[in-house]
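Please keep the sequence and the structure in view while I talk.

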Amino acid sequence: MRLILLGAPGAGKGTQAQALAAHYRVPHISTGEIFRQNLTQGTELGERARSYMQKGLLVPDDVTEAMVDARLGEPDAEAGFILDGFPRTVPQAKALEVMIQRRGLRLDAALLLVVPEDLLTLRLTGRRVCPQCGANYHVQFHPPKRDGWCDHCGAALVQRPDDSLETVKTRLRVYEEQTAPLIGYYRDRGLLREVDGRRPVEEVTAHVVRLLEGGND
Ligand code: AP5
C-alpha cells in the first residue's frame, strides 16, 4: 500500500496513519514527526525547521523534499508507506511524483479526511501528547486513564507548542492557502478518496479500508 493522507491540521491524519500502517504492515512516515524528532535531538535539520514550526508555517519545500526522499530510500519503505503530512504544496506533490517514478512505483490513493473547522480547532487545542513514547490523547475525545499522564509509559503529557489557539489559526490559514489545492491535483489524477473524518476513530479507519479495498461508500 502506497498512500498519502490529506486533510487540515487536526483532521486525524496521524491517528489514522498509525492504524493504517499497522493494518497494511507498512511504515507510517510523518514529516511533522521527523521534524519534531530532529528538534528534540538538536540537529541542523531541526534548527532549520524550528522557526517555521513555531509560527505554524511550512518548512521550505527543498528541505522537506530532501528529507522525504531519504526516508523513502530506507529499506522498510520498499514494502509501501503511509505518508502523513507530505505533500503539503503542489511543488511537493510534483517532487513526490518524481521520487516515486524514479523507484518504478505508483501511488495507490490520496485519502482526504474531511472535518469542519470548528471541530479542527477543538481537536488541536485539546490534544495532549506523550513526549516519551509519542502516544496521542485528547482531553475530551480520548482522555488518558489518569489525567495528565500517559497510559502506556507513565510520562507527563504535554501540549504541542504549535497547538496554541493563535498558532492553530495560522496553521489552518496556511492549509487553505497552500495545501488545499492538492485536493484538485489528486482528483485530476483519479487518486482522490474522501472520508468523513468526524466519525469515531475506529469507524473512520474501517471506512478507509473499505474504500481502499474497492468498496463504494
Ligand atoms: P504535522 O505534525 O504534520 O501537523 P498537522 O498537519 O498540522 O497535523 P496534526 O498532527 O496537527 O493533525 P493530524 O491531522 O495528524 O491529527 P491527529 O491525528 O494528531 O506538522 C507540524 C508542522 O511541521 C507544520 O506546521 C510544518 O511547520 C511542519 N511540516 C510538516 N510537514 C511539512 C511539509 N510537508 N512541508 C512543510 N512543512 C511541514 O488528531 C488531532 C487530535 O484529534 C488528537 O488529539 C486526536 O486524538 C484527535 N482525533 C483524531 N481523530 C479523531 C476522531 N475521529 N474523533 C475524535 N478525536 C480524534
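This is a predicted model: local features need pLDDT of at least 70, side-chain atom pairs count only at pLDDT 80 or more; totals for chains, interfaces and linings use all residues.

How far from an oxygen atom of the ligand does a polar side-chain atom of N136 lie? The distance is 3.4 Å, which falls inside the limit for a polar contact, a pair of N or O atoms within 3.5 Å. Residues are numbered from 1 along each chain as its sequence is written, and side-chain values use heavy atoms, with hydrogens and water left out.

Staying with the ligand, R171 places a polar side-chain atom 2.6 Å from an oxygen atom of the ligand, and G85 contributes a backbone N or O atom that lies 2.8 Å from a ligand nitrogen. Of the 1000 Å² of accessible area that the ligand has on its own, the protein covers 95%, with areas taken from the Shrake-Rupley method and a 1.4 Å probe.

The shell comprises 35 residues, each with a heavy atom within 4 Å of the ligand, and the closest are T15, L57, R88, R127 and R171. By class, the shell divides into 14 nonpolar, 12 polar and nine charged residues, where Ala, Val, Leu, Ile, Met, Phe, Trp, Tyr, Cys and Pro count as nonpolar, Asp, Glu, Lys and Arg as charged, and the others, Gly among them, as polar. Helix 2 gives the most to this shell, with four residues; helices (H or I, at least four residues) and strands (E, at least two) are DSSP runs, numbered from the N terminus.

Helix 2 (residues 31-41) also meets helix 4 (residues 61-72), their axes coming within 11 Å and crossing at roughly 100°, where axes are lines fitted to C-alpha atoms over the stretch in contact and angles run from 0 to 180 degrees between N-to-C directions.

Finally, one backbone detail: the peptide bond from F86 to P87 is cis, with omega near 0°, and P87 sits in the loop between strand 3 (81-84) and helix 5 (90-102).

Technical notes. A polar contact is a pair of N or O atoms within 3.5 Å; within protein, one must be able to donate a hydrogen and the other to accept it, and residues adjacent in sequence count only if both atoms are side-chain atoms.
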